Structures are given as C-alpha cells and as structure tokens.
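Here is a friendly walk through one protein model. Take a look at the sequence and structure, then read on.

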Amino acid sequence: MSISKKFEDWFTAGQIVAEVLRVTKKLKPGVYLLRICEELEKMIIKKGAKPAFPVNISINEIAAHYAGLPGDKMKIPEIGLVKLDVGAHVNGAIADAAITIGVGGLPPKIQSLLKATESVLIEAISVIKDGIRVNEISNIVWKKAHEFGFGVLVDLGGHSIERWKLHAGIFIPNKPVKGKGVKLHKGQILAIEPFLVATSRDGSTIPVWEKTHIFAINEKKKSRDTFLKVIYRKFNYLPFAARWIVKNQKEYNKLLQRFSMYSKQGLIHFYPPLIEARGAWVAQFEHTVLVKENSAEILTTVN
C-alpha cells in the first residue's frame, strides 16, 4: 500500500483543517467567540469531516482550551491576539492546526511575537525525520524562541496523534527535558505547536477548573453509565464541548456537577481553560505532520 493511500484519511482531514483556517485570516472586533466556533465547526462538517475537538478561540493571556460556553458573550477584542485551534477527523484520522491572528493596532513587540512563533514552528518541522528524538525538536523550539527574545510555555507543546487519539502518548515540550527523549519513526503523525510568550522569560499556565467546557471520556476506564455510553457513541474518546450537549447556563451547571463526579471516578478528563500565570500574552502556531524518511510532510497546509 502506498503512503498516500495508507494515510488518505489524514491527508483529507489536513486539507479540510487548512481550508477552514484559511477563511479566518481576518477577524473583526466585536464578533462573539461562540459564533465563530460554531460556524467553523459547521464548516468542517459541510466539508465532509467531523470536529476532532471543539474549535478553540483563546484570547491574549488565555493560552488554550477556550471554546465557548452555552450562551457565551465573550467577543473578539479591539486589540489583541486571537489563537484559533482547529481539528477535524475523517474516520478517526485527526488533523490539528492553529494560527494566531493579530487584531487592531498591536505594539511592535507583539507583532514580533507573531512572526517569531510562526518562524519557530517552521524551524521545528524542518528538523523532523525518521529517528529524530523528541528533545531535538524541543531544543529547536526553545533555542529559536529565545533567539527572537521570547520565552516559551514550558508546560505545553506538541504531541503524537493516532486514529481516534488526539494525544496518543508522546509529548513534545517547548523546552527540552533531561535525557534524549523518545525516538520518532517514519509513519508517525505529530502535532507540532510552539507556544511563545510576550516576555523573555519562560512561562507556564494555570487552569481555570470552574470554567471547564471541554471534556473527554477516559479510554482507560470502562463504565456502564448510560449517559457516558451515549456520549461515547457521539464522540468516541475525542474531546467534546459542553455546548454540544447542553444549551444554557443552568444545564451547563448541572452537567459540570455531574462531570465533576465522573472525574473523581476517573471516567472523564477535564480540559480547563489555561491562562498564562503572569498574564503575559501568548501566541501559538501549529501544524500536523507525517514523519518520513528524511523529512516531515505538513498535512495542514493548502495544496
């Protein structure tokens, strides 16, 4: 079987994500985040795929996992950084990509942050090939970010992807850790996603648990719960949004209470909004790539 045939679903999902992100290059201040999330998710479905996770729109110091609560009134700001993280799957084959868009009259430093983050992503992808170790990628991200004068979020980073598994076990941090790290191999699917912060010092995030509106069933813990079985039939083990199953704040509060109980039992994963601990603005760019013999092929760019 040829590579193109073997990974046909991945290529299709990647193209859909790229096309969806391409139409979001211009965002207007004052538009509700919830409206954008829902429109992009509908676009994914219209193009023949399904959302691999809720569309994330994270503003300024919010680093990740903001996907709109039921009835959410948050809007695109007059000035700010808007991170759009979009995922689609075709028969469980997942593509995951993100861009950061500047809105309004951004200061020169923030404009530089945008350019630096995208450049770091391309640099990191350029070294990926069969046999490379995770720490080599992490080292490129950290080194290049600091050469541009910016720190990274040390607790976030890229990850391996498998069919029906958005985070498939391999973590690619934005800063190298002790040891060489896992060796990567031809045929693996990776999401490479540097997070840079608008300061020269590295940063980290803090979760806002009470505002969690993205969840996923824990595949390692089986349950006979009828409600969870219904959710599994809809979303498998992929992350889903509270607003996909409830429609207002009252229903959300009940759902959060129920999921808190499931979480204590190890049945549900929470993906809370993540805020940069010092309030520094964050930029993110991401591509899904296929590891090849001597390079990596980007799947989430328009051919």
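## Helix 2

How far apart should the ends of helix 2 (residues 8-22) be at 1.5 Å a residue? Its 15 residues should span 21 Å, and the end C-alpha atoms are 21 Å apart, which agrees. The expected span is 1.5 Å times one less than the number of residues. Helices (H or I, at least four residues) and strands (E, at least two) are DSSP runs, numbered from the N terminus.

A word on the model: this is a predicted one, where local features need pLDDT of at least 70, side-chain atom pairs count only at pLDDT 80 or more, and totals for chains, interfaces and linings use all residues. Residues are numbered from 1 along each chain as its sequence is written, and side-chain values use heavy atoms, leaving out hydrogens and water.

Among the buried residues of helix 2 are Trp10, Ile16 and Leu21. Buried means under 20% relative accessible area, exposed over 50%, and partly exposed in between (1.4 Å probe, protein chains only).

Helix 7 (residues 249-264) has 16 residues and reaches 23 Å from its first C-alpha to its last, close to the expected 22 Å. Which of its residues are buried? They are Tyr252, Leu255, Leu256, Phe259 and Tyr262. These residues cover an arc of only 120 degrees around the axis, so they sit on the same side of helix 7. The arc is that of the directions from the helix axis to the C-beta atoms. On the other side, Lys250, Lys254, Gln257 and Lys264 are exposed.

The cover over the buried residues of helix 7 includes helix 6 (226-235) and strand 12 (214-217). At the N-terminal end, Asn248 caps helix 7, with a side-chain oxygen 3.2 Å from the backbone nitrogen of Lys250. Just after helix 7, Gly266 takes a positive phi of about 80 degrees.

## Asn60 in its loop

Where is Asn60? Look in the loop between strand 2 (56-59) and strand 3 (62-64). Asn60 counts as buried because its relative accessibility is 10%.

The side chain of Asn60 reaches the backbone nitrogen of Leu81 at 2.7 Å. Leaving aside neighbours within four places in sequence, Asn60 is in contact (heavy atoms within 4.5 Å) with residues including Ile79, Lys83 and Trp281.

Notes
A polar contact is a pair of N or O atoms within 3.5 Å; within protein, one must be able to donate a hydrogen and the other to accept it, and residues adjacent in sequence count only if both atoms are side-chain atoms.
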